[in-house]
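Dear colleague,

Please find the structure below.

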Amino acid sequence: MLPKIAILDDDKIFCKRVTKIIQSKFSIQTDVFYNGADFLAKLEKRDYDLLFLDLGLPDINGFKILEYLTRLQKSIEIVIVTGDSTIDNAVKAIKQGACDYLVKPVSKNRLELTVGSLLEKIKLKQENAFLKQIVANKSQNNFIATCPKMVEILDMVKKIAPLNCNVLLQGETGTGKEMIAHMIHELSTREKGPFVAINCGAFTEDLIANELFGHDKEAFTGASSSKKGLLEAAHKGTVFLDEIGDMPLKLQVKLLKVIEERRIYRLGSTKPIDLDIRIIAATNKDLRKLVEDNRFREDLFFRLNVVTLHLPRLSERKEDLKPLIFHFITKYNTKFGKNIKRLSEEAYTILLNYDFPGNVRELENIIQRAVALADGDEIKAKHLPSDLTLVNLDKIDSDVLLSLEEVEKKHIKKVLEFTGYDKKTAAAILGLPKTTLWRRIKKFNLKSS
């Protein structure tokens, strides 16, 4: 969103010159006011991000305008415009809330530098406000999404949640499948019922059967009492079967029967137990391929696959990276009693270009560690895990054995090319002082072409 700039000064020549410079350099339109009354009237309908304020207005003292804006707590940057004889007043205005002052006549270079730095400040404020709004308005279970693909999935969740149909969630580890499952449950008519989750790949076949179906007393050696299974415990609620692709074939047959008959038998029992459950299954595997390989039952696949949601990798939703980082910084500020306010450009560049094989879960772990290590109010590149800054050397010709010096040369060259020869960022990624990187560039003759 383009910043809104106003000029409040009765010097028409000055206003025309400033308007021309801002428009040509920054491509931003300005609103010009020659008296305070017109500006205040417009202020009732429009908020400004930047104001050039002349203290010597014909109708209202500039200090009263400044005092009024301060009292309203408007988020506006105010630059005082003054002549040499009123510099003391400009300094006084700075103490009362103005951010800078310009002494007439103002050079083009001075004006461009002032506006440029303030536009960066305004951009940062707008971005932080946007991130705060995203986090404040986040969906249930802290699911943050701004990229079109994830927004579409969340819209689909809202549509299918009340329908009581089975749902299959597909996506890599750490993409938020269980969070989506919780969201479906909480938006459904079963929200007051239990949400029961089980990882089908975490147990042996016998243990999964026991966990799912429970057992009667003396059903097997050591069964001294009856045990209710997770399916039975989820009655009137939702069952979340994570890593369904790892479920043994024998158990797939039993699960299919449960879906069809809506009843179970505890191990060692002949008495049926009626169930009212909704099943949400999740996997990071290609179930269709498993069906083709006879490792997953086709009939069970179709029973689970009433609605399928494919969750994208974090690398496919980079629009969400900053909001997620902001969310995790806020979360771990509270947990660790820190006051981290920002991420350095070098640190963000590293994260932006990282592939995140562990997806959002990995990003949270990275930010948790960084918040814990940071000793100021900013996360820097040095607070990130060192392996994030390493370029994958497997891509270097594997059939050629290189000297250590040649490997170093290739590695530095790759990082320089990756960063567009931004030496500051490259040094951060390589973990080298900039002077050391400069010497390596000179030694290996690694100049940009």
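In these notes, buried means under 20% relative accessible area, exposed means over 50%, and partly exposed is in between, with a 1.4 Å probe and protein chains only. The model is predicted, and local features need pLDDT of at least 70, side-chain atom pairs count only at pLDDT 80 or more, and totals for chains, interfaces and linings use all residues. Residues are numbered from 1 along each chain as its sequence is written, and side-chain values use heavy atoms, with hydrogens and water left out.

Backbone

Helices (H or I, at least four residues) and strands (E, at least two) are DSSP runs, numbered from the N terminus. Most residues other than glycine have a negative phi, and most peptide bonds are trans.

- Lys-104 is joined to Pro-105 by a cis peptide bond, with omega near -5 degrees. Pro-105 sits in the loop between β5 (100-103) and α5 (108-136).
- Asn-164 has a positive phi, near 65 degrees. This residue is in the loop between α6 (148-160) and β6 (167-170), and Asn-164 is partly exposed, at a relative accessible area of 39%.
- Lys-236 also has a positive phi, near 75 degrees. The loop between α9 (230-233) and β10 (237-242) holds Lys-236, which is partly exposed with a relative accessible area of 48%.

Helix pair

The axes of α6 and α7 (residues 177-186) are 8 Å apart and at an angle of about 35 degrees. Axes are lines fitted to C-alpha atoms, for helices over the stretch in contact, and angles run from 0 to 180 degrees between N-to-C directions. From α6, Leu-154, Val-157 and Ile-160 make the contact (heavy atoms within 4.5 Å) with Ile-180, Met-183 and Ile-184 of α7. By class, that contact has six nonpolar residues, no polar and no charged ones; Ala, Val, Leu, Ile, Met, Phe, Trp, Tyr, Cys and Pro count as nonpolar, Asp, Glu, Lys and Arg as charged, and the others, Gly among them, as polar.

His-185

What is the relative accessible area of His-185? The value is 4%, so His-185 is buried. This residue lies in helix α7. Leaving aside residues up to four places away in sequence, His-185 touches several residues, including Arg-190, Glu-191, Phe-195 and Thr-238. Its side chain makes a polar contact with the side chain of Thr-238 at 2.8 Å. A polar contact is a pair of N or O atoms within 3.5 Å; within protein, one must be able to donate a hydrogen and the other to accept it, and residues adjacent in sequence count only if both atoms are side-chain atoms.

Regards
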